[in-house]
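Okay, thanks everyone, I'll keep this short. Have a look at the structure on the screen while I talk through a helix pair and a couple of loop residues.

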Amino acid sequence: MLTLSHFLALAAVLFAIGLYGALTRRNLVAVLISVDIMLNAVLINLIAFARFTDNVQGDLLALFAVAIIAAKVAIGLSLFLNVFRHNGRATVEVLSRMKQ
Amino acid sequence: MTPLSYAWLIPLLPALAFAINILCGYRLGKRAAWLSVALLALSTLLAVALLIQVRQAAPVWDNAGLVRMAEVEGRVAALQGELTELRRLGAEAAVIQPLARELATLEAELPTLAAAVLEREAAPGFPFVSELAWLSIGGQEGIPFGLLLDPLAALLVLMVALVSLLIHLFSIGYMEGEARFPTFFAYLSLFSAAMLAMVMSRNLFHILLFWELMGVMSYLLIGFYYRKIAAQQAMKKAFLVTKLADLGLLIGLFWLYRHFGTLDLVRLSELAPSLLAGASGVATAIGLLLFVGAMGKSAQFPLHVWLLDAMEGPTPVSAMIHAATMVAAGVYLIARATPILVMGEALPVIAWVGGLTALLAALLALAFTDVKKILAWSTASQLGLMFLGLGVFGWAAAVFHLVTHAFFKALLFLGSGSMIHGSGTQDIFEMDRLKRAMPATRATFIIGALSLIGVVPFAGFWSKDKILLALKDALGTGYGYELLLVLAYLAVFLTALYTTRLYLIAFEQPSRPSPWRAAAWHQGALAELNMSAKEVEHDKRLSHSHPHPPHESGWQMLTPLWLLAVGATVLGLLGSPLLGNPLQTFVYYGAKPYLAPLSKQWLGFVLGTAVALAGITVAWLLYGSQQLSLRAPEPLTRLLQKRLYLDQLYYRLLADPATRLAQPLAWFDLKVLERGVKGVANSISLLARLLTLWQSGYVRLYALSILLGTVALVLLLAILGVNA
């Protein structure tokens, strides 16, 4: 029998994996993917809560979030593409030089 | 067309000249001066129109009727006194009866006389007043701004505009080549504008406003040569002393407002008799407070100390301060406050202070060798006479003397300016027989001097005589006026003495070392100001005063002299009994104009002339032919040269304690406040520098920061027990 706790646990595990990836990976695309994993964990939380409390608003919010995440990924990828064209690579270290 | 439609332009035009000259005067160059002169000339024309219109609208008083009324009133008062005295002594009815009958007839005659005195009724709308709301909040009255154009205002407006105009004209020649030439004219114009606005204001609050504006302008003008240390000290001194006096005026005005609920002159004079009846203590206090303000502005003892140092300004400024503006403001204020003053007991104080100033200043004038300083003392002395006149109900006489004094004192000051310009020195002993080189200056100076001394028929004679006449009328009122009369005549004698001395030494005699060593005196004065020898040297270089062979001044300087000389000669006739006192009957405004019959005035004329001539003769014997030699005892001259040690006294009493109080405060300010403020600023910048370390640009550091922040927040919420 699946309970809310199972979903929450899955979400927590996914979030932790995403966080680890976001903090450790040097490749910007990998960081982006990790952030997406974290976001998905949040979405699972949203839908799980919506499902177990009979509230459709959570589903709606999740749908909106998916649309926004798609937009974010598009912007992020185009940004990284430019970073790559400019520097020959797309790593986190390149971004830290942007303040100069 | 009522004068109200254009009168507001009179002060505005010079103010405009100020605005233009201060903003783009340096581009105008010498034209800046002509701009000031032109606008002020326009003002003067308007002032003439104003005077004519006010004259047409003003009620006309019949001179003969006023004289007769004064006579009857005097007789009635005398009879009443006599009758009370007789009744008290229990005299027989046969003695009392005829006197009582005469009193009854005279008293019955008074109303008819009073009705006949008015030759022509005032035109409707006289005096011309206007009112604009100002500072009116939520339907309250506020402090309405308005013009009050009555004979006094119209007369003074013309006097101020005309004298200022001539001083402006004179300054063009005198200030030629000065570095801050346009600025000087800007200041001078605003100075005139402030005075013009002041005499036209109907609200005492606005009078105070323009009064203070004049204070600022005098500060700037006295310190015009601001690189001279003596000028810096003088400007500060003038400002502080008059500001101290203004405190009294301010308190007086607050009190007035509390008592009357208004500062409007028109309403005040209506309300004063009813509201102050039975409150003579209040009226006295208010009157004295107002007088303190006037004492500061008009340099009355013991607040006269700033006047002498004010000579550090350029000579036209001295003329401006001493003739047309500034010092006249105090007299004007007291003349305006008369309805309040008569309800209290302040008038005798005013009379006595005025009389003492007249005498002391005349005495002090004898001890100085700087031509401008002698004239400065003379101004204080003459203003003392005016206050003396105001104090003994000689209202019209004081105003009359104010007008004539403006002309002859402006003449004398501008004359002294011409002398200084021509000879390069201010010390009369260093001036080398100016009569040979400067005939025009000499001629006009003699006219001014004769007017100041009070010789028939020059202007000063008539007005001075009127004041003495008013004083004689007030004899026996129990304020010791008999003694005051003697002092006043002594002052007249001394006036003749110092004026003649000034003339003889400067114009007639070859230069010689000043008996009291002007330079030494100068250094002594500077030592008083705590100046070092180096600063003294610096000052000397700046004032570039080195005697040179005298030469006559140019036409720009001589024209005003001649015009003023005409004024100083004929103006007195306006108030002379020979022509029926037109000036006094014009400004007659409820106050007694002192129109004693001519027959009664002869004695005064003869006495005044005799005293003046005696002064001239003694001066001639002492300084001209030198048949008489008088060495004043050393302590006396020292006392006079040190100006009665008043400066030192004030220094000890006020400046020293203030300095002592200021030192710990300065320490606190520097060591505690300053450091505290700086410490706060420094610690914030230190914190900011620490925080910039965080802004490394490492994305991962930022992400970690976000994570740690979130964890910290969650923990915080968990600990605090805040949950959904």
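So, H18(B) and H25(B) cross in a left-handed way. The residues making that contact include B:Phe407, B:Leu411 and B:Leu414 from H18(B), and B:Leu561, B:Leu564 and B:Ala568 from H25(B). Keep in mind that this is a predicted model. The two helices pack at an angle of about 150°, and their axes are 9 Å apart. Angles over 145 degrees count as roughly antiparallel, so that's what we call H18(B) and H25(B).

Now, H18(B) by itself. This helix covers residues 395-423 of chain B, and at 1.5 Å a residue its 29 residues should span 42 Å; the end C-alpha atoms are 41 Å apart, which agrees. There is a bend, though, of about 25° at B:His405. How many residues of H18(B) are buried? It's 29 of the 29, so the helix is largely enclosed by the rest of the structure.

What about either side of the helix? Just after H18(B) comes B:Gly424, with a positive phi of about 75°. In the loop between H17 and H18 of chain B you'll find B:Phe393. Phi there is also positive, near 70°, and B:Phe393 isn't a glycine.

Over in chain A, the loop between H2 and H3 holds A:Asp54, another non-glycine with a positive phi, near 55°. Buried or exposed, then, for A:Asp54? Exposed, because A:Asp54 has 7 C-beta neighbours inside 10 Å. B:Phe393, on the other hand, has 23 inside 10 Å, so that residue counts as buried.

Technical notes. Residues are numbered from 1 along each chain as its sequence is written. Chains are lettered from A and ligands numbered from 1 in the order in which they are written. This is a predicted model: local features need pLDDT of at least 70, side-chain atom pairs count only at pLDDT 80 or more; totals for chains, interfaces and linings use all residues. Helices (H or I, at least four residues) and strands (E, at least two) are DSSP runs, numbered from the N terminus. The expected span of a helix is 1.5 Å times one less than its number of residues. The bend at a residue is the angle between axes fitted to the seven residues ending there and the seven starting there. A residue is buried if 20 or more other C-beta atoms lie within 10 Å of its own, exposed if 12 or fewer, and partly exposed in between; C-beta atoms are placed from the backbone. Axes are lines fitted to C-alpha atoms, for helices over the stretch in contact, and angles run from 0 to 180 degrees between N-to-C directions. Angles under 35 degrees count as roughly parallel, over 145 as roughly antiparallel, 65 to 115 as roughly perpendicular and the rest as oblique. A crossing is left-handed if the near helix is turned anticlockwise from the far one by less than a right angle, and right-handed if clockwise. Two residues are in contact if their C-beta atoms, placed from the backbone, lie within 7 Å.
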